[in-house]
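Could you walk me through a few local features of this model?

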Amino acid sequence: MKKFQNIIYLSTIAVCCLLLSISCDYLDKKPDNLLTSEMLWETRANAESYLYQIYGYVQTPADDYTVLGASDETSCSIQTVDVRKMISGNWNPQSGYWQWYWNNNYAGIRQSFVFEENIVKMPESIISQDLKDQYVAEVRFLRAWFYWKLLRQYGPFVKLTGTLSLNDNYNNYPRAPFEECVAYINELMDEAAAGLPTVWNSSANYGRPTKGACYAVKSQVALLAASPLWNGNPRFANFKNQDGTPLAPLQYNNNKWRTAADAAKTVIDLTGVYRLFTNLDEGDSQFDPYLSVRNVFLTNWNSEIIFSTNMSDTWQWGFEKRAAPYPAGFNMQNATQNIVDAYYMRNGKSIDDDPAYTETGFASIEDPAQWGKSRDGVNRGYIVGNSNMYVNREPRFYAHIQYNGKPVLPAPTTDDRNFFSSDANKDGRGRAEFYYSGKSGVGVNNNGDITGYCVLKNVSPASNIRLDAVPYRPYIHIRLAEIYLNYAEALNEIEPGHPDILKYVNLIRERAGIPDLEDVYPAVVGDQDEMRKWILRERQVELAFEGDRYFTLIRRLMMDDPKIQTIYRMNTIANDNNQGFAFTDFNKRILLQNRFWDDKMYLFPIYQDDIDKNTSLVPNPGW
């Protein structure tokens, strides 16, 4: 539903216009700041506009480092973007890469205080007490959300409990210890949850937080706190404020995993509120795993969404344009061979464990499975001529990955699909041509850094990327599948044999159309190390391209693994001499990048200008 975001957008414009008009009246009336304050809180409409403006600080990271190439699941084909500099080690506190995240979150925090301090003063003749209580709960959720984003990216933050005046000495505001930060976020979320409904009764409120959203963020925070990065990490032994206050807990506490498991279970136990989405929710009579895993991102306000941003089409257009192949798209959001290899076979096995998997030859028959047949013009599995690397893979693979020879998804008509095809291939299917001489190939577009894959997840078949036409849908920040995996991961660390671990992992696998984990790998039952490996593998696949992979590798201290930093692609740079899809050398795994890693990169550097402004603000270790 666009209604709520449109209200936000228009109301924000109204506030901006209001502030401009106030500025123009400065010489004739009262000082600008006084008149602004009076006018903003004189009407309910202006107060709500201010609230919606705070919502505008909630970032939709469809194009940031987490999904554009900071982890092993993606690579950006454009060498000059900041994320490429980041992974080459070419950054420092002066670089300012994404430093606006720090400023943006603190701007949202400040405005949340301004709103809360003023909304409570408004008379009930203008706005009812019930509505004031609701808005205070919403704004406390938003404040906690901004603090959570700071904690995840930068570590311990400067904890503010009210607005600062121009006369405040900013040098008196050091960073709070990590555990104090966690406690403060939890406190705010509990306060917010007390004033928020379990579900909203009107679609006009979609995009606002609920009790479940508050509990879900607590689950995310608890999982971070329990993970090796912040649970007894010796790398942070000297991470202290200038007065010697330690900023990181140095003793490992296994009970933090219990806290994380309990936090996730609280969300799960909200009876009748959330469930994994399937195509049956759209009225289909037969379960289809492909449509289920694809449409969870395309079906507005479905039962799996816990918190999302109800926004205009801006992010969808930008995301799909980046993810689409040439000539209509930018071909810049590339999936890596690493993530392609992580997807399972249809039988639920990894490609390393299935003797039927082969990387030679091409498919000679169409996908025989029901879910793989064409429906509404969209082929949902492999076709004749595809590399055997892409034969008999799981449904999520076909829903998430645009590979060489796969029909381009956001091209609804025959002409639109043929637009992606060379003359010899114009058969109405619009198969992506990532080979050297293809329409999306290196030889045609002079881009030597493509991987041979684009990201297809979150791309709508109703789009027409050639005409820049993209249908609306919300941006999903948190969904139930992540909470299931949070619960399974945390529970495995404290009770490896607990039946809930397999229960919730298998619910995700069943929705994805693959067998239960223990049916494929019986040895995982009760084996903590093996189970941990497969839970993290399930996160890698289920939450691919949603920003989770980067932060999972960070909190698990896995980024220093050479396997993680060695990135592979298909042989896109070999000249096929116009052999096209029949060029066998294309389907060879070659090195794309050996990425740089330094342990100081587990936390982002705080921008040097901010450290200079606040002498009590210590930098992150190594920066």
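This is a predicted model: local features need pLDDT of at least 70, side-chain atom pairs count only at pLDDT 80 or more; totals for chains, interfaces and linings use all residues.

Residues are numbered from 1 along each chain as its sequence is written, and side-chain values use heavy atoms, with hydrogens and water left out.

**A helix pair**

Helices α3 and α6 pack at an angle of about 155°, with axes 9 Å apart. That makes α3 roughly antiparallel to α6 (angles over 145 degrees count as such). Their crossing is left-handed (the near helix is turned anticlockwise from the far one by less than a right angle). The residues that meet, with contact meaning heavy atoms within 4.5 Å, are listed here.

| Helix | Residues that meet the partner |
|---|---|
| α3 (residues 44-55) | Ala47, Tyr50, Leu51, Gln53, Ile54 |
| α6 (residues 99-119) | Gly108, Gln111, Ser112, Val114, Phe115, Ile119 |

**Helix α10**

The 14 residues of α10 (255-268) reach 20 Å from first C-alpha to last, close to the 20 Å expected at 1.5 Å a residue. Its buried residues (under 20% relative accessible area, 1.4 Å probe, protein chains only) include Trp257, Ala260 and Ile268. The buried residues of α10 pack against α8, α9, β2, α17 and α18.

**Thr572**

Thr572 sits in the loop between β7 (566-569) and β8 (590-594). Thr572 counts as buried because its relative accessibility is 0%. A polar atom of its side chain lies 3.2 Å from the backbone oxygen of Ile450. Beyond its neighbours within four places in sequence, Thr572 is in contact with residues including Phe434, Tyr436 and Phe586.

Notes
Helices (H or I, at least four residues) and strands (E, at least two) are DSSP runs, numbered from the N terminus. The expected span of a helix is 1.5 Å times one less than its number of residues. Buried means under 20% relative accessible area, exposed over 50%, partly exposed in between (1.4 Å probe, protein chains only). A polar contact is a pair of N or O atoms within 3.5 Å; within protein, one must be able to donate a hydrogen and the other to accept it, and residues adjacent in sequence count only if both atoms are side-chain atoms. Axes are lines fitted to C-alpha atoms, for helices over the stretch in contact, and angles run from 0 to 180 degrees between N-to-C directions. Angles under 35 degrees count as roughly parallel, over 145 as roughly antiparallel, 65 to 115 as roughly perpendicular and the rest as oblique.
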